[in-house]
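Let's take a quick tour of one protein model, looking at its surface charge and its aromatic rings. Have the viewer open as you read.

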Amino acid sequence: MKIAFFDAKPYDLPAFKAEGERLGIDFRYFETKLNPDTVSLAAGCEGVCVFVNDTVNAEVIDRLCDLGVSAIALRCAGYNNVDIEHCFGRLHVFHVPAYSPYAVAEHAMAMLLTSIRRIHKAYIRTKDFNFSLNGLTGFDLHGKTVGVIGTGKIGRIFIDICRGFGMNVIAYDKFPAADSGIEYVNLDELLEKSDIISLHCPLTEETYHMIGKDSLEKLKTGVMIINTSRGALIDSEALLEGIKERKIGGACLDVYEEESDVFFKDFSGHIMSDDTLARLISMPNVIVTSHQAFLTEEALENIAQTTAENLVGFFRDGSCQNELCYRCGNVESCRRERKERCF
Ligand code: NAI
């Protein structure tokens with residue numbers, strides 16, 4: 001089984017090499033991302049393995065079909081970069097529904113604490129033997145209200161962590177979980193009441209720019225915003241304006257809507273052409289990490305194992321666990337109900 005592995009990074013290789021040897025998969029690693037210009041690298045492979053910023057649009061899908069590729073294995077949970085509808089009937093698509101929700105929830109809290117306790121500033125100061133405390137005043141999390149948008153696997157772990165800090169948790173979810181003990185409110189109420197807002201819902205047409213110009217007006221002055229989900233949940237220009245107007249007290253961003261050309265690469269010593277990102281990073285109350293929340297040893301091992309088992313299941317055993325399909329018009333429910341190949 002030959003699989004073209006796009007956007008390969010050094011930290012991907014140990015776990016995928018081990019799984020490849022264990023299950024007899026010949027992964028062919030390419031540093032470049034999958035897009036219309038690079039799709040021909042998949043020639044001779046039965047499948048492709050892609051990550052969050054590979055482009056799997058109609059053009060790429062058509063070319064993959066022409067090359068005889070029959071499966072796309074996403075080595076991530078989110079699939080907003082894949083035209084699932086266009087794949088239907090032609091290419092089977094698999095993802096890794098969960099690899100370490102703890103990794104992402106813990107990173108969200110790490111960013112929040114770093115920001116509000118000014119750890120990023122203190123670290124640089126003491127490295128320079130500057131032991132002044134001026135400008136490092138933070139605030140207690142205890143007793144603050146945190147609004148969690150999306151109470152799935154990651155959102156719920158983040159809620160548990162926040163409760164451990166003695167925070168008051170409110171949440172909004174389009175599909176609230178029954179008997180979860182979570183206090184659900186509508187989105188407007190969450191925006192109005194929260195001291196801290198953390199985003200844990202998927203990116204869909206409905207959630208695109210859910211934090212934008214209109215919602216900013218409803219926010220408490222000084223609110224902290226955490227986004228470890230998908231960049232385009234937030235309108236970055238509106239966020240920047242909110243920060244400049246002192247409406248937003250701080251932002252912790254592990255994702256950014258235009259991240260695909262920037263994140264995972266070293267631009268130190270280069271001119272940053274994305275003015276919005278450069279301006280956001282220049283703000284003292286903004287912390288940016290480059291889609292790093294998932295990056296733990298446990299998560300990397302789980303990703304490699306599930307991706308390899310998805311491929312073996314499809315190509316050798318005919319089972320399709322974790323397949324995403326468009327048939328039901330609802331990707332997730334289709335996946336749960338189906339025990340066999342969708343087409
Ligand atoms: P999940 O599927 O378990 O939970 C998502 C929740 O969002 C569900 O409860 C769902 O009902 C809710 N939701 C769906 N549509 C909504 C809407 N319109 N408004 C409000 N809530 C809505 O997903 P999980 O595993 O908790 O992941 C959440 C997100 O985290 C993923 O969609 C992905 O984009 C992101 N993620 C980021 C990573 C990183 O490294 N930064 C790594 C893994 C996931």
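This is a predicted model: local features need pLDDT of at least 70, side-chain atom pairs count only at pLDDT 80 or more; totals for chains, interfaces and linings use all residues.

## A negative patch on the surface

Start on the outside. Four glutamates, Glu106, Glu297, Glu298 and Glu301, come together on the surface as a patch of negative charge. The top contributor is helix α11, which spans residues 297–317 and supplies 3 residues to the patch.

## Aromatic pairs

Now for the rings. There are 10 aromatic pairs in the structure. In one of them, Phe16 and Phe27 have ring centres 5.4 Å apart and planes at 90°, so this pair is edge-to-face. Phe16 belongs to helix α1 (residues 13–23) and Phe27 to strand β2 (residues 26–29), so to speak two distant parts of the chain, 11 residues apart, linked by the pair. Both Phe16 and Phe27 are buried.

Another pair is Phe51 with Phe264: the ring centres lie 5.9 Å apart with the planes at 45°, so it's tilted. Here the linked parts of the chain are 213 residues apart, with Phe51 in the loop between β3 (47–50) and α2 (58–66) and Phe264 in the loop between β10 (248–253) and α10 (275–282). Phe51 and Phe264 are both buried as well.

## One aromatic cluster

How values were computed
Residues are numbered from 1 along each chain as its sequence is written. Side-chain values use heavy atoms; hydrogens and water are left out. Patches are made of residues with over 30% relative accessible area and no salt bridge: like charges are joined within 9 Å, nonpolar side chains (Val, Leu, Ile, Met, Phe, Trp, Tyr) within 5 Å. Accessible areas come from the Shrake-Rupley method with a 1.4 Å probe; for residues, only the protein chains shown count as cover. A salt bridge is a side-chain nitrogen of Lys or Arg within 4 Å of a carboxyl oxygen of Asp or Glu. Lys and Arg count as positive and Asp and Glu as negative; His and the chain ends are not counted. The place of a charge is taken as NZ of Lys, CZ of Arg, CG of Asp or CD of Glu. Helices (H or I, at least four residues) and strands (E, at least two) are DSSP runs, numbered from the N terminus. Rings of Phe, Tyr and Trp (its six-membered ring) pair if their centres lie within 6.5 Å; planes under 30 degrees apart count as stacked, over 60 as edge-to-face and the rest as tilted. Buried means under 20% relative accessible area, exposed over 50%, partly exposed in between (1.4 Å probe, protein chains only).
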